[in-house]
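Here is a short note to read alongside the structure. Keep the 3D view open and go point by point.

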Amino acid sequence: MTLNGWLQIFLFMAAVLLLAKPMGGYLTRVFERRRTLLDPVLDPCERLLYRITGVNAEKEMRWTEYGTAMLVFSAATLALTYVIERLQHMLPLNPQHLASVEPALALNTAISFTTNTNWQSYVPEATMSYLTQMLGLATHNFWSAAVGLALAIAFIRGVSRRESDTLGNFWVDLTRGTTRVLLPISIVFSIVLVSQGVIQNFRSYDTVKLIEPQTVTGSDGKTATVTTQTIAQGPVASQEAIKMLGTNGGGFFNANSSHPFENPTPLTNLLQMISIFLIPAGLAITLGQMTGSPKHGWAVLAAMVTLWFVGVFVCFWAEAHPNVLLHGVDQHVSALQAGGNMEGKEVRFGIANSALFATVTTDASCGAVNSMHDSFMPLGGMVPMVNILLGEIVFGGVGAGLYGMLIFVIMAVFIAGLMVGRTPEYLGKKIEAFDVQMSMLYLLIFPLIILGFAAIAVLMPNLGLGSLANHGPHGLSEILYAYTSAVGNNGSAFAGLNANTHWFNYSLGVAMFLGRFFMIVPMLAVAGNLARKKIVPASAGTFPVTTPLFTLLLTGVIVIVGALTFFPALSLGPVLEDLLLRAGHAF
């Protein structure tokens, strides 16, 4: 590890923390329907939209109505994306004349982008037309992020309101989140990306001559000389901006954010990472402001920062150390080489920014990558996996991270109440049996889906094992990571696994769907129940949720729940691989 690397890491987090308060304040104004600079332009547009769609913007919804509206919207947009994929060979903006997407892959992709996962079992530039990329996928980057943002605000309202049966209006929250938050920031961000070299055009792919012809060997053993290369391009910057801001992660190119057309400079790399954390960090401040307890928002944010720092420290440490199996090779840092494990990493980003990016993208439900996680050292690769296994709550996805964190907050205050023998309270509201039951249901659904599907894939050789590029503990890690990423709605992968098979397309699609929507229902039930409660005055026995002690307790509950649930699987995967690597074995 180098001082330069740590300076860049701390610069990144300093920028996130400086932007958190203004972002949180803006989100509060937007969702409390206070005046913003964009109102003169957007208010008439929104009124027209509500009139056309028949939405009564003043009517609020119970949690069941809010959840139903969310499910109806998600189902409709999922179907739209599936149809676009299947008909793309007949639609315009397809200069490469790409065929329609195969049914299993089309369904997997439609579910993936609807659930904010952006899992990609395909090569985007060779599979999706420009129209599909824009109308089918980029629009979902806005919609799925706006849905998560609306749900987080609904949960905050559940905490802040008293004796209320409603959580707001889903259609209004969805619209305001899109028009006043995601869209304007994405427009500005995409212009900045274009200024740095991210491309934005509708040209056909270019075919250019190689300066040095290459001899390649095919799978049949025959050799051929390659003299040309196809340069893929398209409307990249517009998709790249919302891909990061909405914590979506699906790349326009197969190489994702390691591709120079998506992420050409160190500045774009920094801005992309900041944009991933921007809204999740701001939402923690919004939580404090809307509940009338700003210190509580900062305490929750402190827990997120603590977990982030531990993850980035371990990942950076693991990747900066030499590979013990490369004997007689100088792997130390010098002026002429990066040192450490540079396999699967871009030289222009190096180890520090690769480890930081991997940690950030899996702390949030983003899934964008600027290096290949499958090439990380065992413990370095374990960090992204653990980040997702904790529940995507270390900052987390837009909205989803905060409401997942609030479930852990409820469990933390419940445990604190048990310790002192009092009914647990959270910001003046009694935490009762129903709240704990729904919170536990939320927490148990997650590991049940991950471990269940992973067990089936491992035990059925014709389904899961045939897709592995590696066997032994690393092979287990590849399968475990795939289902972890799917259920956690992350989308990154240990790419040694070939997931473009019928089994993985369908099973991962189901896992993504369950991981998103089955966990939303108990979360909304908790929010609706909290909204109906009275506020009780704090007493000497009330556990304060604004102190460093609360941050410590919350962090401990998150780590303990994750450790107890997933440690056996991790011990057979990355932990065992690290031990065998040190003993001289590789997989």
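**Notes on a predicted model**

1. Start with a pair of residues. Thr-215 has Thr-225, in strand S2, as its bridge partner. Keep in mind that the model is predicted.

2. Now widen the view to the strands. S1 covers residues 206–217 and S2 covers residues 223–231. The two strands pair in the antiparallel sense, over 8 bridges. How many of the 12 residues of S1 are buried? The count is 0, and S1 is hardly covered.

3. Turn to two helices. H3 spans residues 63–86, and H6 spans residues 130–160. Their axes lie 10 Å apart, and the packing angle is about 170°. Angles over 145 degrees count as roughly antiparallel, so H3 is roughly antiparallel to H6.

4. From H3 come residues including Tyr-66, Met-70, Phe-73 and Ile-84. From H6 come residues including Leu-135, His-140, Trp-143 and Val-147. By type, the contact residues divide into 13 nonpolar, 5 polar and 1 charged. Glu-85 of H3 is among the residues in the contact.

5. Finish with a loop residue. Where is Ser-371? Ser-371 lies in the loop between helix H11 (350–363) and helix H12 (378–389). Is Ser-371 buried or exposed? Its relative accessibility is 1%. Buried means under 20%, so Ser-371 counts as buried.

6. Check the surroundings of that serine. Leaving aside neighbours within four places in sequence, Ser-371 is in contact with Gly-344, Lys-345, Ser-354 and Phe-376.

Methods:
Residues numbered from 1 in each chain as written. Predicted model: local features only at pLDDT ≥ 70, side-chain atom pairs only at ≥ 80, totals over all residues. Heavy atoms only, no water. Axes fitted to C-alpha atoms, helices over the stretch in contact; angles between N-to-C directions. Helix = DSSP H or I, 4+ residues; strand = E, 2+ residues; numbered from the N terminus. Parallel < 35°, antiparallel > 145°, perpendicular 65-115°, else oblique. Contact = heavy atoms within 4.5 Å. Nonpolar A, V, L, I, M, F, W, Y, C, P; charged D, E, K, R; others polar. Buried < 20%, exposed > 50% of the residue type's maximum accessible area, 1.4 Å probe, protein only. Pairing = 2+ DSSP bridges.
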